[in-house]
Amino acid sequence: MPDAAPVAKTKKAKSSENVLSRAGGTGDMIPRDRRAAFLEQMMLSRECDRRSGIVLRQGQAWFHISSAGHEALAALCELLEPEDLIFPHYRDRTLMLARGMDAEGQARDLMAKGGSHSAGRNMSSHFSHRPGNVFSLASPTGSQCLPAAGAAWASVLRGEKQVVVCSIGDASTRQGEFFEAVAFAVERKLPVVFLVSDNRYGISTPTDGLSPQRLGLMPDAITKVVDGSDPDAVHAAAAAVLPDVRAGRGPAVLWCRLDRLDSHTSSDDQRLYRTKDELAAMRDPVALFTDRLEAEGTIIPGWADQVRARLADDVEEVFDRVAEEPSAHPGQVMDHLFAAADEQPTAPADTRPCGGTMVEAVNRALRTGLESDPTLVLFGEDIEDPKGGVFGFTKGLGTLAGPRMTNSPLAEATIVGAAVGLAAAGMRPVVELQFVDFAGPAWNQIASQLTTLRWRTASAWRCPVVIYAPWGGYLPGGGIWHSQSNESLFTHLPGLRVVVPSTPEDTEAVFLESFASPDPTLILLPKHLMRRQHPPQPGPAPARGARLLRTGADVTIATWGNGTELATEAADRLAAEGVGTEVIDLRWLTPLDREAVAASVRRTGRLVVVQEDNRTSSFGATVLADLLGSDDEFYSLLAPPRLVSRRDVHIPFHPDLESAVLPAADDVVAAIRSVLA
């Protein structure tokens, strides 16, 4: 961009003065020394969109989302600081240019090159730019809102003046997570600006009768309706709200009305559902701002045409050059699911015998974490003193934690989504879900943000969140929504570490290890075992991998969680008959200590897997399939392996019915006899 545009030797036109007054007055508009440069930035964005369409038609790209009509929103960036964070929308191409993602970066994003911000893993126009503090965009609409609120919360906890901008389309504001994020930001007076692009369409569906603002659902106290086609109006609105937002007086919503000049995506044709008159009446912010700058004398007539021609040549050269760059090597597609070896902390010490209850072990570990790590934050329902959570995990930690331990609203998506933002902003969030059965409302954040962030950004962003939750049955009166295990839902998600401890020693070790891990961890705590007094273990055990509970030469049992009690009882009963049963507590499901099970199977020749989850598509079935798929283990088997599991039925409420559907020690004994036969 040139340092300054040629200035016409004329006075400002009166019509231009009227437009500027509508924008809020000359003091609020984009400064004179930045106006030509900002127009050129808008023009560069438009040219990148135009060139993207050509590249797509040439078969060098597969998908494109145009930002044409949304360029004026980048005027907000004129008022931001480098440390401010942006959670973008997929039409924020100009905003990305303003934060340093140049035409080369835009071309690499379009063509999914190996050198792109996602190494070709994320869809084009799903922007991310770590140097410019732009968070990575995920496809599920509105899923950026709660992490944005969490990042703003991190700023408050650190006593900083960082502002977070959450950009979103008006159709996506009907997502529940948008409302949760606004409510959370208002509740805690978080420094968030919600930048809403209201182009009156959600793909082909008109939003005039659907959007929260047009329905009167947005609070007037924090909402400002803006002409989103006018850079000066956007600048003026941002200048009006940012000082209060930055000073900690709470969030603001800039509801920007503008026009989507192109179809929703390259896969859409808006001429099928919009009339010619409607399309002809749309406002082009680039043309409007060009006319204004000419009228006010900031640029001379013809300047814009010259710049447009130069940008066309420059962008064509950039896109042609990037087209020759290599794509990411397929052999590297597994990289960045988890942190690289040089990012991993040193191996933790062996667990130390402690005994007591698992609840006490959780509390000890949380206390240690709070004492040793000033970035550790505890968040969950009812966790503050005096209650300390429904199971008492956090009881008595309030004085030590101070503002770093706080009750969440009754909203699991907020709990996990805010944790994603906290972690991305450098905090160490440890969050409690009252029961893992209630993870459903948080599933979008778990599956779309938490587990994909590192991989989809090639480790530019990371998400070391620790989630812990009571898990499983064998505690009468839980019923359908308090007794499920469902660990296979979570082990199915690449990028998430899943662990099920069954002793106080393992519980404390797992928490302490997870506090130092650079990756997200889900800790599932068996309710049946949590309050039971455990004697100290006879000796230390490795903090990672599987633990050997019994040794034997006749059969191997692999299990975890409540299954350890069933397996050890069955092993003890059969020992009286001379049957040697090797019982392995997997503990870590992801990553699985496969070799511990495989080595045992090669010794015993027989395998029984015990789980309380239901059979179909379960983790136990995965363990069997994995071992049967290897020649070494398959040809070591002396009998078909067995899976002891719940049938495909929900957990009923009545204790007798619960006992009828959950596996029992008798079922394990029967399975062992079967493989021995």
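**Helices, salt bridges and surface of the predicted model**

Gly297, which comes just after helix α9, takes a positive phi of about 90°. The structure is a predicted model, in which local features need pLDDT of at least 70 and side-chain atom pairs count only at pLDDT 80 or more, while totals for chains, interfaces and linings use all residues. Residues are numbered from 1 along each chain as its sequence is written, and side-chain values use heavy atoms, with hydrogens and water left out.

Helices (H or I, at least four residues) and strands (E, at least two) are DSSP runs, numbered from the N terminus. Helix α9 covers residues 285-296, and its twelve residues should span 16 Å at 1.5 Å a residue. The expected span of a helix is 1.5 Å times one less than its number of residues. The end C-alpha atoms of α9 are 16 Å apart, which agrees. The buried residues of α9 are Pro285, Val286, Phe289, Thr290, Arg292, Leu293 and Glu296. Here buried means under 20% relative accessible area, exposed means over 50%, and partly exposed lies in between (1.4 Å probe, protein chains only). Seen down the axis of α9, its buried residues fall within an arc of 165°, so they line one face of the helix. The arc is that of the directions from the helix axis to the C-beta atoms. At the start of α9, a side-chain oxygen of Asp284 reaches to within 2.9 Å of the backbone nitrogen of Val286.

A similar description applies to helix α10. The 21 residues of α10 should span 30 Å at 1.5 Å a residue, and its end C-alpha atoms are 30 Å apart, which agrees. Among the buried residues of α10 are Trp303, Val307, Leu311, Val315 and Phe319. Seen down the axis of α10, the buried residues fall within an arc of 160°, so they line one face of the helix. On the other side of α10, Asp305, Gln306 and Asp313 are exposed.

Side chains of opposite charge can pair when their charged atoms come close. A salt bridge is a side-chain nitrogen of Lys or Arg within 4 Å of a carboxyl oxygen of Asp or Glu. A search of the whole structure finds 48 salt bridges. One of them joins Asp232 to Arg35, with the closest N and O atoms 2.8 Å apart. Asp232 lies in helix α7 (residues 231-246) and Arg35 in helix α2 (residues 32-57), so the pair ties together parts that are 197 residues apart in sequence. Asp232 counts as buried at 0% relative accessibility, and Arg35 counts as buried at 1%.

A salt bridge also forms between Asp519 and Arg454, where the closest N and O atoms are 2.9 Å apart. This pair links distant parts of the chain, 65 residues apart: Asp519 is in the loop between α17 (504-516) and β13 (521-526), and Arg454 is in helix α15 (residues 453-456). Asp519 is buried, with a relative accessible area of 2%, and Arg454 counts as buried at 5%.

The side chains of Arg544 and Glu513 meet in a salt bridge of 3.0 Å, N to O. Arg544 is in the loop between α18 (527-530) and β14 (547-550), and Glu513 is in helix α17, 31 residues apart. Arg544 is partly exposed, with a relative accessible area of 34%, whereas Glu513 is buried, with 5%. Salt bridges that share partners join Asp198, Arg200, Asp208, Arg214, Asp227, Arg257, Asp259, Arg274, Glu278 and Arg283 into one network.

Asp198, a member of this network, is found in strand β3 (residues 192-198). Asp198 is buried, with a relative accessible area of 0%. A polar contact of 2.8 Å joins the side chains of Asp198 and Trp255. A polar contact is a pair of N or O atoms within 3.5 Å; within protein, one must be able to donate a hydrogen and the other to accept it, and residues adjacent in sequence count only if both atoms are side-chain atoms.

On the surface, Phe179, Leu215 and Leu217 form a nonpolar patch with about 270 Å² of accessible area together. Patches are made of residues with over 30% relative accessible area and no salt bridge, like charges being joined within 9 Å and nonpolar side chains (Val, Leu, Ile, Met, Phe, Trp, Tyr) within 5 Å. Accessible areas come from the Shrake-Rupley method with a 1.4 Å probe, and for residues only the protein chains shown count as cover. Leu217 is placed in the loop between β5 (205-206) and β6 (223-227).
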